[in-house]
Amino acid sequence: MGGENHCGTGPRSDYPIRAPKPVGQYISQIYKSRIGQFYAKGQYANENLLSMMNDAVVYGEPHVQLWVWHAPGQTRPTFKEAVSHEFEKTKVGASFGPSWTTHWFRVKITVPDNVRDKELVEFHWDANNEGLIWSEDGKPLQGLTGGGERVEWVLPKSFLDGKEHTFYVEMACNGMFGIGQGDLIAAPDPNRYYSVERANIVAVNPDARGLHIDTWIIGDAAKEFPSDSAEQHQALEVYNRIIETFEPGNKDSLKACRKIAQEYLGPNVDSHKVYESDKKPLVFGIGHCHIDSCWLWPFDETKRKVARSWSNQCNLMERYPELNFACSQAQQYKWLKELYPYVFERVKQKVKDGQFHPIGGSWVEHDTNLPSGESLVRQFVYGQRFFEENFGKRCQTFWLPDTFGYSSQLPQLCRLAGMTRFLTQKLSWNNINKFPHTTFNWVALDGSQVVCHMPPAETYTAEAHFGDVKRSMSQHKSLDQDSTSLLVFGKGDGGGGPTWQHLEKLRRARGISDTVGLLPRVHMGNSVDDFFDNLEAKGDKLVTWYGELYFELHRGTYTTQSNNKRNNRRAEDALRAVELLATIASIEGLCAYPKKEIDEMWESVLLCQFHDCLPGSSIEMCYHDSDEIYKKVFKTAEKILREASGLRETTANAVTSSTGVAFNSLPWSRHEIVELSDGELAVASGPGPFMKLRPFSLKSEETLVTLEQPSPDVFVLQNTQLKVKLENGLITSLYDLKANREIIPKGQKANQYVIFDDKPLYWQAWDVEVFHLDSRKELSTVETKVHEQKKHRVSVITKTKISDKSYIETVISLSAGSPGQQSYVEVSSKVEWHETMKFLKVEFPVDVRNTEASYETQFGIVRRPTHYNTSWDMAKFEVCSHRFADLSEHGYGVSILNDCKYGFATSGNLMRLSLLRSSKAPDAHADMGTHNIRWAILPHQGGLGHVTVRKGYEFNNPLKILEVGELGDVRSCFQTRRVWLESESDPAIVLDTIKRGEDDEKKGEESVILRMYDSLGGLARGRVKSVWELKRVTKVNLLEDEISEVEVGGDGGFDVELRPFEVATFKLELE
């Protein structure tokens, strides 16, 4: 062959002919195991990097002097009050307590000459509990966590002058996560004491600190990158070369080690400039500090947590300009404004600078299963108004990372509150099914949507580890639509927020991405809104999820802390009544609208709806607090009702038909028989709000309801509509006389109490697991007897033994049927409950068949399976319901009403109402004591309709009886309706709220706000009428911004048309 060129250059002259020495392969597992030794305590601590972290540590007198004052009891005095007292000398090693007490330390330090010229000088304080450093003139400066975490405060340069300087440390005798006895969620230890372990002046070696973070991240890359990747092997080689280069005591070796680290991290990791490369990021870091408004600590401790945490963040922002920090809960900002004005002004400045971002738009990070629809509205009203008034803008993103499931109407309410985005991550905790999306459009019952993102790192308290950044891609479930994600990092739950370590680690993660690759590129400096702006631009391509985001965990929170849930329901109903009467009274000129008092009531109720308070997952102290909060709410409600109406609420048996009047807070007419003093019967009938009591009489032989006892343990109750048979205290027959239909399946029993073992896998107050259903045990009644046999009502009373410590007294009643009104069987129970890890429920088997049951939710109905076809169906073995649950087939159905319960289940044709739990953590005494609970069995012809909806309202809002001398004493404006839906309107429309405009007082206007909704899921039309002369009517959003003008007819009325499950708000401007 030809054409070859044989004049090659030959072998490289520098490549040895003979092998100079053996060279072995890295034994990866050995070299990986070596990584931890470079910064580990123990036998090598004096020879590894730990030995060079500090250039000097100064402690004890004369450089550090301590004095202390002990606050009395569990008080939390202000700075001014604390420093007014005499302080006594103390020292490191002294012990302070017990739990929940506060101790103030006066600290005097003098920085010695050999430390004054050091680059970074800190004061380290560690008492293994939380604390707050205050300046000598009373400014909060730095929060402390304790236990080796966040113990440092960077000393001001002014302190490095060799002179004596004074500051204070406020010690709280609790940890970041409370003081559980041996376990995170155990009931608090009441006798915990803490010792001051460190009070040191420390000169930090910046190169050693920097190298520690360098090797932390490079070591993670060596351990977490795939073993078949070049990047993993390079990380291991670099790390081991650093170890070989390090020389204990040689500061130059630190610089050499850091130079080696740059081969893997790049040259800019000591500065925010590392983020200035033009390479496209995929992961966007946002600092966050989730502070539970109460949980394993009481509300008052949260107020201090806010000041500690946010002071720290303001400090970090000055050192790390890339830090963007998002924090929610207007209530916490208000606490800060009132109690720590200096910190609040710092926060305001950082908001103005664009680093501190109020987010969420709600008053607290509230539960969304249990509050009423109007409560969800007010969370946004009070939250958004606070943010706008104090920071000049509203929030765009609803932020609920830790709440236990998400109501199906939230997207609609978000849109009506000016928010188009939603962030959570809690569904990553599902313990049956894995939620399939990361980024998606979430659609409400009415069709409204928001863009939802669930950070794929699956936490809202990321430690900014290498793995957190890595998981932001590896666990992303929506890569086919958008590959970006948020990384929400910072200490949380108990507060704290990002640390300097978090920010340093993220700088190095970015350096790796730009220098080596493979790790998803993280970026700092953007806001949450910036991130969602990009998602919204792709909104039409994102997948959709319709309806509730059901959380497959924490189902026990529908039931735990029964009294707290009852107070919530009562408070919501009281506020509706208060706003109705106060609106009428103020428009009619009888009194000023008590806006300030109503605001205080709402803010109190909204606070108690925080996602660890209302669900029942807080310590016992929190429920003592909430009891007092609700007590004040109810007292204020009584005061406003009395002042607005001029009447005094009393009991029915304290008035006669001529001295009493009935108050109906609901927007439709009612017709009820009321028993007054001395057994007098009266009829309250009409639309209200106040209805005259008319004497009710029957012919002597006329009977409306009967009770018979054909045998010792058998009772039959009957009115014109229903016939109820009880055997041994249980309902064995419920016959609908009008429909000619038996409701209880043959051989089965309704109102059957059942009890279950209730020992979840871990989270006691939170969880009830599917296996608890296997332990079902029926409870038997021990006696049944006639309780009441009157012309308008009959009842029997039964006693059921639960255990030697617990029992139930149950009154089963049937009242006289009224024309045009559906009768129901009412049950009132008194439960004496002293159990341990048991779950009490009551069952109702019904002869109705459907694969779905309906449950009332906020402003609508949610339908859930009655079968276990799939794991998604079975996961809903316990669900949330409000005033009623319903099982209907074509033409007929049965509703179960309740007055204070939220847990429910329908399995096949068995309906089951959850009554009481008895968890022992974190409250060792949760639900122990006496409980009064009411429910009712409401059969109805036809499917679920307005009858059930209205009966649910009425069952929770019994007529109030007020005392008057004569009916003439009732102000005329209360004897007839002021604003109403005409009778021809679709009965599915519920006029839920009547109130004054939020800005009436400020603007000197007279307006009335009406909020209504379609309750059944169909197009609903109606017409609103009013006795007040209307100047203008507009449809507005929840924040009362105008959407569109509404035409007012010649009769002073206006038409409304609601989409299925639409929530509509109208503003009536009065002449």
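**Figure 1. Contact between helices H4 and H12 in the predicted model.** In this view, Ile217, Asp220, Ala221 and Glu224 of H4 meet Phe466, Gly467 and Lys470 of H12. The structure shown here, as in every view that follows, is a predicted model. Sorted by class, the contact of H4 with H12 has three nonpolar residues, one polar residue and three charged residues. Helix H12 covers residues 466-474, and H4 packs with H12 at an angle of about 50 degrees, the two axes being 9 Å apart. That angle makes H4 oblique to H12, because an angle that lies between the limit of 35 degrees for roughly parallel and the start of the roughly perpendicular range at 65 degrees counts as oblique.

**Figure 2. Packing of helix H4 with helix H13.** Two packed helices are described by the angle between their axes and by the distance between the axes. For helix H4 (residues 206-224) and helix H13 (residues 500-515), the angle is about 55 degrees and the axes are 10 Å apart. H4 is therefore oblique to H13, and the crossing of H4 and H13 is right-handed. On the side of H4, the contact is made by Arg209, Gly210, Ile213, Asp214, Trp216, Ile217 and Ala221, while H13 contributes Trp500, Gln501, Glu504, Lys505, Arg508, Ala509 and Ile512. When these residues are sorted by class, the contact of H4 with H13 has seven nonpolar, two polar and five charged residues. Ile217 and Ala221 of H4, which take part in this contact with H13, also belong to the residues of H4 that meet H12.

Figure 3. Arginine 576 lies in helix H15, which covers residues 562-587. Its relative accessibility is 13%, and arginine 576 therefore counts as buried, since buried means under 20% relative accessible area. If its neighbours within four places in sequence are left aside, arginine 576 is in contact with Ser665, Leu666, Arg883, Tyr953, Asn957 and Asp992.

**Figure 4. The whole protein, as a setting for the close-up views.** The protein has 20 helices and 56 strands, and its C-alpha atoms fill a box of roughly 125 × 95 × 70 Å, taken along the principal axes. With 1071 residues, a compact globule would have a radius of gyration near 31 Å, and the 34 Å of the protein agrees with this. Buried residues make up 61% of the 1071 residues. Among the contacts in the protein with a separation of 6 or more, 74% are accounted for by residues 24 or more positions apart.

Definitions and conventions
Residues are numbered from 1 along each chain as its sequence is written. This is a predicted model: local features need pLDDT of at least 70, side-chain atom pairs count only at pLDDT 80 or more; totals for chains, interfaces and linings use all residues. Side-chain values use heavy atoms; hydrogens and water are left out. Axes are lines fitted to C-alpha atoms, for helices over the stretch in contact, and angles run from 0 to 180 degrees between N-to-C directions. Helices (H or I, at least four residues) and strands (E, at least two) are DSSP runs, numbered from the N terminus. Angles under 35 degrees count as roughly parallel, over 145 as roughly antiparallel, 65 to 115 as roughly perpendicular and the rest as oblique. A crossing is left-handed if the near helix is turned anticlockwise from the far one by less than a right angle, and right-handed if clockwise. Contact means heavy atoms within 4.5 Å. Ala, Val, Leu, Ile, Met, Phe, Trp, Tyr, Cys and Pro count as nonpolar, Asp, Glu, Lys and Arg as charged, and the others, Gly among them, as polar. The radius of gyration is taken over C-alpha atoms; the globule rule is 2.2 Å times the number of residues to the power 0.38. Buried means under 20% relative accessible area, exposed over 50%, partly exposed in between (1.4 Å probe, protein chains only).
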